[in-house]
Amino acid sequence: CCVGPYLGCFLDTGAPHDLPLSVEGSTTPVRCIALCQAKGYPYAGVQAGGDWKGLCYCGTAYGRHGAADSCDIPCDADPSQSCGGGNANAVYRTTPDPSTCGGSSFNCPVGYTRKAVGTRCAAPGCSIVECCDGLYLGCYKDTGVPRDLPYVAGCTSLASCISRCQAQGFRYAGLQHGDECFCGSTFGRYGPAENCDTPCGYEASQTCGGDHANSVYGTNLSSLICGGSNIICPAGHLPKALNTVCSVSGCTQGDCCDGRYLGCFRDLGMQHGVFPSGRDFAYFETWADSTPAQCVPLCRARGFRYAAVSSDLCFCGAAYGKFGEAEESECGTPCRKDESQSCGGQAANAVYLASLSAVCGDFRRLVCPSGHPTMNNDTSCSACDTTECCSGMPDRCAGVRCDDPLPTCGLPGTCAAETGVCLYPIALGRSCEDSVTVNGTCTAGGECVGVPRPRSPGSSPPGLSVVAIGAVVVVS
């Protein structure tokens with residue numbers, strides 16, 4: 001019976017296994033080849049180990065321990081076929097699907113890891129971009145309080161860890177203690193380490209960190225998801241999940257920024273393992289460790305206006321604040337799932353606006369200046385500050401480009417949020433002319449200096465003119 005290209009008999013000491021993936025305990029060469037082929041591996045091996053005559057292994061390479069000459073033990077499942085020998089694999093080529101990374105014949109660039117061999121490509125003949133991942137960035141310390149890479153992704157192989165972190169929208173993946181996977185958006189806060197020498201638990205030919213040390217990899221994120229962009233959310237806004245998909249033109253604040261932070265407010269904490277009645281936030285969403293970025297969209301999907309996180313638990317509600325405001329320090333407990341975020345406190349809620357539309361009444365901490373009463377709570381707002389939510393405040397033009405005549409060394413300005421004044425950035429090094437200087441250069445102080453402008457015979461010295469450029473006064 002022809003079962004596939006037989007490549008020979010090869011030793012398998014088991015430390016590490018020559019073909020690392022163990023698939024089934026009692027099989028035949030035909031079945032083993034089919035199993036490894038389905039998983040995208042180019043090589044299959046059957047071995048007679050212990051009580052099993054027909055152990056099946058898969059891998060992307062073979063022969064690291066050298067050749068053997070004892071692959072002649074009959075298979076338990078079919079004695080007419082041979083299933084290798086003790087510590088010896090009968091190795092076969094599986095000729096896997098050419099539309100998978102395992103069926104491709106290229107090598108990844110130095111420093112990159114190959115994706116899972118079963119990863120499917122767009123078409124037969126996979127590319128390096130489709131099948132190479134995770135640029136190795138180095139070995140870095142992790143004290144654990146807080147973790148250098150705060151998101152815990154479980155125990156897994158190197159390739160799977162990178163894939164998990166990428167799927168969650170994180171820029172970096174780290175392996176520690178052989179198989180512990182962590183993800184994060186930054187790394188290196190504790191500095192480099194030198195002990196990333198622990199063999200990976202799922203692929204002993206690779207190293208996966210060490211004691212309190214991460215082997216860190218980049219995840220090659222697309223710029224079309226929030227985790228792959230450099231979007232900085234405005235103050236008080238919560239970043240959306242890092243794997244949020246943006247528009248085809250690239251990520252914007254609108255794509256990647258969510259629930260505004262409304263403040264820290266008191267609530268009734270858990271008593272004897274249960275929550276008492278009469279809580280400020282009565283609807284309990286989940287016992288699972290939650291972060292604000294996860295809680296806000298959950299409450300929005302349930303139709304609630306507000307979301308709150310208290311001791312890593314997610315709550316939803318239609319109102320908030322009946323027990324009054326708490327100190328911000330009471331809401332400063334780091335989230336267990338992501339220590340870069342705060343998850344409220346035992347008897348204090350970190351409250352967020354889950355609704356996509358804001359009104360002035362959402363912002364209980366907003367205090368209007370004397371003589372400017374609060375607007376109707378149902379008044380829609382954008383910035384939701386005193387200008388929009390307090391009556392009689394001066395109009396403003398926040399963010400609008402200004403068309404005023406340019407002062408010396410100024411560039412097109414932006415309207416200030418509170419005063420409506422047109423502010424001009426200084427263009428250091430810009431060519432300029434004024435009543436005193438010709439062919440001059442703008443200084444950091446907004447002054448035009450350079451070749452003096454010649455004066456007409458008998459003319460008076462030029463007068464001084466003063467122009468406000470933001471907080472800078474220009475004298476020319």
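Please keep in mind that the model is predicted.

I will start with the sheet. Five strands make up an open sheet, and their order is E8-E12-E10-E11-E9. The pairing is antiparallel. In general, strands of a sheet pair through backbone hydrogen bonds, either parallel or antiparallel. The edges here are strand E8, residues 136-141, and strand E9, residues 151-155, each of which pairs on one side only. From one strand to the next, the twist averages 25 degrees.

Strand E10 covers residues 172-176 and strand E11 covers residues 180-184; five bridges join them in the antiparallel sense.

Next, the salt bridges. How many does a search of the whole structure find? The search finds nine. As background, side chains of opposite charge can pair when their charged atoms come close. I will go through a few.

Aspartate 148 pairs with arginine 189, with 3.7 Å between the closest N and O atoms. This pair links distant parts of the chain: aspartate 148 lies in the loop between E8 and E9, arginine 189 in the loop between E11 and E12, and they are 41 residues apart. Aspartate 148 is buried, at 1% relative accessible area, while arginine 189 counts as partly exposed at 45%.

The side chains of arginine 147 and aspartate 142 also meet in a salt bridge, at 3.0 Å from N to O. Is aspartate 142 buried or exposed? Aspartate 142 is buried, with a relative accessible area of 1%. Arginine 147 is partly exposed, at 23%.

Elsewhere, aspartate 18 and arginine 64 form a salt bridge, at 3.7 Å from N to O. Aspartate 18 sits in the loop between strand E1 (6-11) and strand E2 (21-24), and arginine 64 in the loop between strand E4 (52-59) and strand E5 (88-93). The two are 46 residues apart, in distant parts of the chain. Aspartate 18 has a relative accessible area of 0%, so the residue is buried. Arginine 64 is partly exposed, with 39%.

Last, a network of salt bridges links Glu325, Glu328 and Arg365.

Key: Residues are numbered from 1 along each chain as its sequence is written. This is a predicted model: local features need pLDDT of at least 70, side-chain atom pairs count only at pLDDT 80 or more; totals for chains, interfaces and linings use all residues. Side-chain values use heavy atoms; hydrogens and water are left out. Two strands pair if DSSP finds at least two bridges between them. Helices (H or I, at least four residues) and strands (E, at least two) are DSSP runs, numbered from the N terminus. Axes are lines fitted to C-alpha atoms, for helices over the stretch in contact, and angles run from 0 to 180 degrees between N-to-C directions. A salt bridge is a side-chain nitrogen of Lys or Arg within 4 Å of a carboxyl oxygen of Asp or Glu. Buried means under 20% relative accessible area, exposed over 50%, partly exposed in between (1.4 Å probe, protein chains only).
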